[in-house]
Amino acid sequence: MFFELSKLLNFFISPVTWIVLLLIFTFRFKKKKLRKICLVASIVVFVVFTNPLLLAYVKYFSVREYSMQQTACTGRHYRLALVMGGFATMNKETGQMRYEQDRADRLWEAVRLWKKGAVDRILITGDPTSSIMEDGSTTAGLFLDYMEELGIPHDAFILEQHARNTRENAAFTAEILKRQDIRDKECLLITSASHIKRSLKCFEREGLHPDFLPVNVCDKPHSISHRTFYPSWEVAVKWQELMNEWVGELVYKIMGYV
């Protein structure tokens, strides 16, 4: 139930949804004043939430704390890289991987560290590439075969296949670590910079304090030109992802998950 409600909430915190609803109200309201207010509001929302420069600054300042405090040190060795899911799905017909938004580097940074010997194994929690679906099916085999073609053997991975949100990612991973007798400081948590804060709090709730490595880190904009102000629908989608983290953290606090 919580999972379904969270997906519905995602729909309503989308700037695209706001613009569409405001335009609908513009034509549905009978009073001219209300129609004008809705039209102006839709224009304002469009201008604000499709502006790349504004998003760049907001995202930079919202993740700067964790981007600057990453605790993955050169030469440090870990038994496990804990990769938060949500980065891809598998195409059952072609066996290819289809990436979600800007999350692919969660996986590939873990693979890079494995290849250089910085981590022994990679634990992936709650990713559609390996999760068990409601009908009992899974594409875990396809995922493992795909990675093996790239030179990463099946036994390099531990797949946590049941988590559907960040809270469950932490809870189910904690169970695996306990069974494998792996301490939290022997683990490196890898996820998007905007997702680090909520992830760490969920792991802390389970009594775990792993080191962390944020990916998809945002740099402060260094140059501004006329192109910086060109509207982009892609920016509106990225705003939704960022606000999802803000709202998600608030909901988790209310529910007592963090």
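Predicted model: local features only at pLDDT ≥ 70, side-chain atom pairs only at ≥ 80, totals over all residues.
I then looked up the pairing as a whole. Strand β1 and strand β6, residues 187–192, run in the parallel sense and are joined over four bridges.

Next I asked how β1 pairs with strand β4, residues 119–125. The sense is again parallel, and I recorded six bridges. Among the residues concerned, L80 has R121 of β4 as its bridge partner.

I also checked how far β1, residues 78–84, is covered. Six of its seven residues are buried.

I turned to the largest nonpolar core, which holds 27 residues. Those with the most contacts inside the core are L107, I122, I124, F143, M147, F157 and I190. I noted that at least two residues of this core come from each of β1, β2 (88–90), α5 (104–115), β4, α6 (140–149), β5 (157–160), β6 and β7 (211–215).

Another core, of 21 residues, lies apart from it; I158, A170, L177 and I182 are among its members.

Which residues does I190 contact, its neighbours within four places in sequence left aside? I listed A81, L82, V83, M84, R106, E109, A110, L113, L213 and V215.

Last, I examined helix α2, residues 15–28. Its 14 residues reach 20 Å from the first C-alpha to the last, close to the 20 Å expected at 1.5 Å a residue.

Definitions and conventions
Residues numbered from 1 in each chain as written. Heavy atoms only, no water. Buried < 20%, exposed > 50% of the residue type's maximum accessible area, 1.4 Å probe, protein only. Pairing = 2+ DSSP bridges. Core = buried A, V, L, I, M, F, W, Y, C linked by side-chain atoms within 4.5 Å. Contact = heavy atoms within 4.5 Å. Expected span 1.5 Å × (residues − 1).
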